[in-house]
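Keep the picture open while you read.

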Amino acid sequence: MNRRVAFITGAGRGIGREIAKTLALKSMNIVVSDVNIDNAKETVAMLQENGVEAIAVYCDVTKLESVQVAVATALETFERIDILVNNAGWDKIEPFLKSEPRTWKTIIDINLMGQVHTCKEILPLMIQNGYGKVINIASDSGRVGSSGEAVYSAAKGGVIAFTKTLAREMARHKLNINCIAPGPADTPLFQEIGSYNEGIAAALEKAIPFRRLAQPQDIANAVAYFASDEAEYVTGQTLSVNGGLTMM
Ligand SMILES: NC(=O)c1ccc[n+]([C@@H]2O[C@H](COP(=O)([O-])OP(=O)(O)OC[C@H]3O[C@@H](n4cnc5c(N)ncnc54)[C@H](O)[C@@H]3O)[C@@H](O)[C@H]2O)c1
């Protein structure tokens, strides 16, 4: 049987790494891409310990040329890409009026333009193969806003709108394009943010109806659903995975 091939951005740690492990359990071959190649190799080593076919690929999603090289490298090994998970992301929490243009640009380049770049390169391959699923990782902040994350929320709101439009344009090719909006998740990124916002984790746990932060596995499970044949009739949707913190 031909295994599906999943290309995951930012899969060197956090949610992306968990998505890689989870899709591997669904019998997929995995392209672990990240701007941090050492972390990507570490993820690949973990997958290979369990007999999964996986490669680590350097990919800086902010640069179209870097995405082009990464996609070409993936094709050399696996010949096609069936699933694209746009997971790479970054944030810096600070009041909008204290934030600087350089930070805005970095946030938009990674969180929004990164997904534009990978879709531009990978959707034509999916159209050609007659099969493809794209899962974009947004954030609940892109649906309801979040203090200290104005430009990040704008970028993630952009991801949600981008997803819906691509879903419409790609429907004629029978490609599924969906979006996941995680609530606060216990990852290295969250810990870095938490280190300059003391007490934020406890405050959030109090506010979340399920009384805990998301674990990367919670998000990966939702990705696995969108990547599955069971989601064949689902496109253009945004699924919040947040323990009930927001309900839409
Ligand atoms: N952790 C949360 O609370 C939370 C909440 C909502 C949404 N998200 C989203 O989930 C996704 C994963 O976040 P995480 O918490 O696992 O973060 P993380 O920082 O732990 O992992 C992000 C990964 O993206 C990679 N990355 C950063 N810039 C990149 C670039 N230019 N090109 C390629 N890779 C790059 C990093 O090297 C890292 O491996 C992000 O899109 C994030 O915005 C996270």
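A pocket here is an open set of grid points with protein on both sides within 12 Å along at least five of seven lines, and a residue lines a pocket if one of its atoms lies within 4 Å of a point. Keep in mind that this is a predicted model.

With that in hand, start with the second largest pocket: its lining includes Gly130, Tyr131, Lys133, Asp229 and Glu232. The volume of this pocket is about 260 Å³, and its lining is made up of five nonpolar, three polar and four charged residues.

Now for the largest pocket, which holds about 1,000 Å³ of space. Its lining counts 49 residues, and Gly89, Trp90, Tyr152, Thr187 and Leu189 are the ones nearest the centre. Helix α7 gives the largest share of that lining, five residues.

So where is the ligand? It sits in the largest pocket. Around the ligand are 29 residues, with Asp34, Asn87, Tyr152, Ala185 and Thr187 the closest. By class, that shell has 15 nonpolar, 10 polar and four charged residues. Once again α7 contributes the largest share, here three residues.

| Side chain | Ligand atom | Distance |
|---|---|---|
| Asp60 | nitrogen | 2.9 Å |
| Tyr152 | oxygen | 2.6 Å |
| Lys156 | oxygen | 3.0 Å |

On its own the ligand would expose 830 Å², and the protein buries 93% of that.

Technical notes. Residues are numbered from 1 along each chain as its sequence is written. This is a predicted model: local features need pLDDT of at least 70, side-chain atom pairs count only at pLDDT 80 or more; totals for chains, interfaces and linings use all residues. Side-chain values use heavy atoms; hydrogens and water are left out. A residue is near a molecule or strand if one of its heavy atoms lies within 4 Å of it. A polar contact is a pair of N or O atoms within 3.5 Å; within protein, one must be able to donate a hydrogen and the other to accept it, and residues adjacent in sequence count only if both atoms are side-chain atoms. Accessible areas come from the Shrake-Rupley method with a 1.4 Å probe; for residues, only the protein chains shown count as cover. On a 1 Å grid over the protein atoms alone, a cavity is a set of points where a 1.4 Å probe fits but cannot get out, and a pocket is an open set with protein on both sides within 12 Å along at least five of seven lines; lining residues have an atom within 4 Å of a point. A molecule sits in a cavity or pocket if more than half of its atoms lie within 2 Å of its grid points. Helices (H or I, at least four residues) and strands (E, at least two) are DSSP runs, numbered from the N terminus. Ala, Val, Leu, Ile, Met, Phe, Trp, Tyr, Cys and Pro count as nonpolar, Asp, Glu, Lys and Arg as charged, and the others, Gly among them, as polar. Grid points are joined across faces, edges and corners, and a volume is the space filled by probe spheres set on the points.
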